[in-house]
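User: Hello! Could you walk me through how to read the sheet and the helix packing in a model?

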Amino acid sequence: MTANVESSEQKTALVTGASSGIGREVARQLAQCGWRVIAVARGEERLKQLAGEVPGIEPRPADLTTFPYPDLIPSRVDALVHAAGIVPTGSVERATPEDWSSAFTLNVTAGAELVRLSLTSLRQRRGTVVFVNSGAGVTPLPRNTVYGATKHALRALANGLRQEEQEHGVRVTSVFPGPTDTPLFTGNVDRARLIRPSTVAQVIVNAITAGDDTQLTEIQVRPRQELSW
Ligand SMILES: NC(=O)c1ccc[n+]([C@@H]2O[C@H](COP(=O)([O-])OP(=O)(O)OC[C@H]3O[C@@H](n4cnc5c(N)ncnc54)[C@H](OP(=O)(O)O)[C@@H]3O)[C@@H](O)[C@H]2O)c1
């Protein structure tokens, strides 16, 4: 069965963070558009539940902080969405080297490694890479210096990769969501005012399906009314 699926003409996306929040909505929306979606996260049960709800989604449970990544990358990759992310302990005063290391490994290195492993197919397909960044990737706040540093690095990764891959036809998008109603956001606000994860996902799908003559390089997604917390 795998061989048949792998050789099919179906557009294929690799989506990390697919067990929850923004990544799960991206997986859902792409599958509803007819894509084959390789859904990656640690939470196998939540991936299976999603796959049971939406045809076209294939669970690939994996901890992206553990290298190498055997059996993760399909032979065809038209789009890669790196949505998996963590928010580590905030300040330099409190963060340990392990906090720094685990945050950079998941938020940055994992994204780069997934691109590296998918690059041959991404070039063949003139595919799209989307890195889910954050407002903290543009303006870090005192309480999230470590997170902000990872997201600034992720922006640099995206900008560098875009230049590297220009001649190969791979396009690279950074999406910078503001506060979004997922388990990751724990700020003390009226949650009804948060951005819905499906709204962020729609923006990501738009970047992937944008006309072949363009690439959406950086997209800020802010709440309708700005929040402070
Ligand atoms: N929510 C916000 O307000 C907000 C704002 C700006 C940017 N973002 C960014 O949006 C992205 C998605 O976050 P979200 O808000 O959707 O959060 P979420 O609902 O907590 O989802 C995070 C995802 O990352 C996965 N993940 C965590 N550790 C992992 C690991 N070691 N290996 C593999 N997967 C792992 C989780 O799955 P498992 O636990 O099953 O592994 C989950 O699917 C993140 O990059 C985040 O920085 C979020």
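This is a predicted model: local features need pLDDT of at least 70, side-chain atom pairs count only at pLDDT 80 or more; totals for chains, interfaces and linings use all residues.

User: What is the strand order of the open sheet?

Analyst: In general, strands of a sheet pair through backbone hydrogen bonds, either parallel or antiparallel. Here 7 strands form an open sheet in the order β3-β2-β1-β4-β5-β6-β7, with parallel pairing. Strands are DSSP runs of E with at least two residues, helices are runs of H or I with at least four, and both are numbered from the N terminus; two strands pair if DSSP finds at least two bridges between them. From one strand to the next, the twist averages 15°.

User: How many bridges join β5 and β6?

Analyst: β5 (residues 128-132) and β6 (residues 171-177) pair in the parallel sense over 5 bridges. Val129 has Val172 of β6 as its bridge partner, and Thr128 stands opposite Arg171 in β6.

User: Is β6 enclosed or open to the outside?

Analyst: β6 is largely enclosed by the rest of the structure, because 7 of its 7 residues are buried. Buried means under 20% relative accessible area (exposed is over 50%, partly exposed in between, with a 1.4 Å probe and protein chains only). Arg171, Thr173, Val175 and Pro177 point one way, while Val172, Ser174 and Phe176 point the other way.

User: How do α2 and α6 cross?

Analyst: Two packed helices are described by the angle between their axes and the distance between the axes. The axes of α2 (residues 21-32) and α6 (residues 197-209) come within 8 Å and cross at roughly 55°. That makes α2 oblique to α6, since angles under 35 degrees count as roughly parallel, over 145 as roughly antiparallel, 65 to 115 as roughly perpendicular and the rest as oblique. Axes are lines fitted to C-alpha atoms, for helices over the stretch in contact, with angles from 0 to 180 degrees between N-to-C directions.

Methods:
Residues are numbered from 1 along each chain as its sequence is written. Side-chain values use heavy atoms; hydrogens and water are left out.
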